[in-house]
Amino acid sequence: MQKLVQGIHHFQTQIFSSHKELFERLDQDQTPETLFITCSDSRISPNLITQTQPGELFILRNVGNLIPPYESMGGMAAGIEFAVASLQVKDIIICGHSNCGAMKALLEPETVGELPATKAWLAHARTTERIIWESYGHLKGNELLHATVEENVLVQLENLRRHPAVAKAMANGMLHLHAWYYKIETGEVFAFDPGRGQYVSVTGTEGLAPLNEEHRATDLSI
């Protein structure tokens, strides 16, 4: 806690004073253009990765960056609906990441045997689990985990499409969806390119290995 208190002191005395106008403006309203959905993992910092300031991203986080059905009427559904219908964001990014503990647990369910809430939450990734064992059973270790993270982002994006506010905004051409993969150890970010069936670097470097095409949606907008 002491480290956090020291950080607050530094923020108030060094950072806030030099950005006072920004925070005064933010106190009046928020106008983010992007909804950023990612994992709760402590190693992920959306604003750091994208170099954005407060007020530029509307951020939703949960274990495994999962999108439950709208009918669940939970916190994720409320956050998505608010971002799209009220804030009228123009883009939604679902960002998975390397070495994801939630996806590890999906592959090794025995590791969450004594975590009933976690096990129940991961049920929202059952489609991901089915795709992996049907199409990637030949992979092992890190390669299997890597494919699981990538496929899960695409599965959750399809779930996102079924949310009423999202479907309406997309039909009106007001909203675009993006599937991202963040590689922690290199700082690289990859976006899924449906034309190539693989994640490609958002900054133009080499892409990741192509994914299995048999179960891939063809109308993914990025």
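Modeller: Bear in mind that this is a predicted model.

Colleague: Is Leu 4 buried or exposed?

Modeller: The relative accessible area of Leu 4 is 53%. Because a residue counts as exposed when this value is over 50%, Leu 4 is exposed.

Colleague: How far apart are the closest N and O atoms of Arg 43 and Asp 41?

Modeller: Arg 43 is partly exposed at 38% relative accessibility, whereas Asp 41 is buried at 15%. These two residues form a salt bridge, for which the N and O atoms must lie within 4 Å, and in this pair the closest such atoms are separated by 2.6 Å.

Colleague: What separates Glu 134 and Arg 130 along helix α7?

Modeller: Their side chains meet in a salt bridge, with an N to O distance of 3.4 Å. Because Glu 134 and Arg 130 are four residues apart in helix α7 (residues 126-135), the separation is about one helical turn.

Colleague: In the salt bridge between Glu 158 and Arg 161, which residue counts as buried?

Modeller: Both residues lie in helix α8 (residues 141-161), three residues apart. Glu 158, at 22% relative accessibility, counts as partly exposed. Since buried means under 20%, the residue that counts as buried, at 14%, is Arg 161.

Definitions and conventions: Residues numbered from 1 in each chain as written. Predicted model: local features only at pLDDT ≥ 70, side-chain atom pairs only at ≥ 80, totals over all residues. Heavy atoms only, no water. Buried < 20%, exposed > 50% of the residue type's maximum accessible area, 1.4 Å probe, protein only. Helix = DSSP H or I, 4+ residues; strand = E, 2+ residues; numbered from the N terminus.
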